[in-house]
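Here's a quick briefing on the salt bridges in this one. Have the sequence and the model open as you read.

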Amino acid sequence: MDNNFDVIVVGSGPGGYVCAIRSAQLGLKTACVETRKTLGGTCLNIGCIPSKSLLNSSEMYHKAQKEFNNLGVETGKIKLNLSKMMSNKNKSVLTLTKGIEFLFKKNKITHLKGKGSISAKDTVTVTDNSGKKISYKTKNIVIGTGSVSTSLPGIKIDEKIVVSSTGAISFEKVPKDLIVIGGGYIGLELSSVWKRLGSNVTVIEFLDHIIPGMDKDISTEFQKILNKQGINFKLNSNVTAVSVVKNKAVVDFTNNKSAKRERIECDKVLVAVGRKANIDEDISRSGIKLDNQKKIQVNEKFETSIKNIYAIGDVINKGPMLAHKAEDEGIAVAEIIAGQAGHVNYDVIPAVIYTSPEVATVGKTEEQLQKENIKYKIGKFPFLANSRAKINSETEGFVKIIADEKTDKVLGVSMISAVAGTMIAELALAMEFGASAEDIARTCHAHPTHSEAVKEAAMAVDK
């Protein structure tokens, strides 16, 4: 094999594999290094994809148990076969990771198997499983090694009883009692999965509200919905210790306000308190500068402190830690390396929580606009008054559109709906083109659809 490349991408997650494919399409000789046996990174192997598979299957199970009867669909006794559900999840993962392998072959990308490290500004050394090292020369390096789960001080994740999201998508049996530390996306999605499958779930969150960073209106309404589904919340609570005694976990926490201490015993604890950049000491040793959040510093062209070494995705401090953000950056970097004008618009990156109903947002929240002293107006519309949601028994939630008070330009949108994750794309597109609320209001939406609620909310901006 020729050991000289135009681009070597380290990491094959959504940022890395997309960057490698785009680089190859632009005529650059490309290689991609991956430590896992399969391509696709955290997202495809142990993150977004397997968790969405379980969210879908568990929702089907829940509906068959609780809702089909009311619709005149009478079934016999519904039984959960967890191992079958898990193997369906694994099959989906395998199909998709094989799909990336196929795209690598099709685009003539060299797949380097092993751990990649930067040994010089133009050299990547790959260490395979047997410890054998091979060095490859390259004109450009792209770091896309993603992120790993973090824990709290003194809490050891063993992936058996105290688990990260990785362990929580592979339980062999439904835990009777599950405690989830952290009320963000990951914690709430996995709480939903196990609640539907029969766990008694309690979420402990340090702040006084769930889904930090999202619109307060959404956070309040969403918690009410999850409460109604039977998920318990201990908000404003600081977890002080987690100990494992005879195959059970004991969680100690203190209320930040009242200083009241509590202790709960459970079968499993999921620690979902965030993620950190997946980089080691090698990075700073190679002279690449990190910022104060221990992420790689990059300029507007995604270049690190070393010329021709770039970084994308969760390892940099730009935009949210989301797969689709990393993909956009991967394409931008490939185009920049090829001498084109790659660009990412960080103001229009949608975010989705794939619970039931889903939560989706794009742009600014009310709280952010207040901080920035920007005057705005709001239009809201509830799904309770949407005919499609009504006939589908999906009336929870609303659409909230925030527009500039003077210009009517859409600044941010938040929604809770059964299909929010799909609907948010219309708003992202509108914002990408600088649309006003009136532009959306005057666009004909099909009837009866959930997306009519978007048109109604846009009309409500102008009363």
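Predicted model: local features only at pLDDT ≥ 70, side-chain atom pairs only at ≥ 80, totals over all residues.

Lys400 pairs up with Asp217 in a salt bridge, and their closest N and O atoms sit 2.9 Å apart.

**Lys400 and Asp217**
- This pair connects distant parts of the chain, since Lys400 belongs to strand 21 (residues 398–404) and Asp217 to helix 7 (residues 216–228), 183 residues apart.
- Asp217 comes out at 30% relative accessibility, so it counts as partly exposed, between the 20% and 50% cut-offs.

**Glu335 and Arg22**
- Another salt bridge runs between Glu335 and Arg22, with 3.1 Å between the closest N and O atoms.
- Glu335 is in helix 9 (residues 323–337) and Arg22 is in helix 1 (residues 14–25), so the bridge ties together parts that are 313 residues apart in sequence.
- Glu335 has 17% relative accessibility and counts as buried, because the cut-off for buried is under 20%.
- Arg22, at 21%, is partly exposed.

**Glu438 and Arg442**
- Glu438 and Arg442 also form a salt bridge, their closest N and O atoms being 2.6 Å apart.
- Glu438 is partly exposed at 41% relative accessible area, while Arg442 is exposed at 69%.
- Elsewhere, salt bridges with shared partners join Asp215, Asp217, Glu366, Lys380 and Lys400 into one network.

**Overall count**
- How many salt bridges does a search of the whole structure find? The search turns up 20, including the Lys400 and Asp217 pair.

Terms used:
Residues numbered from 1 in each chain as written. Heavy atoms only, no water. Salt bridge = Lys/Arg side-chain N within 4 Å of Asp/Glu carboxyl O. Helix = DSSP H or I, 4+ residues; strand = E, 2+ residues; numbered from the N terminus. Buried < 20%, exposed > 50% of the residue type's maximum accessible area, 1.4 Å probe, protein only.
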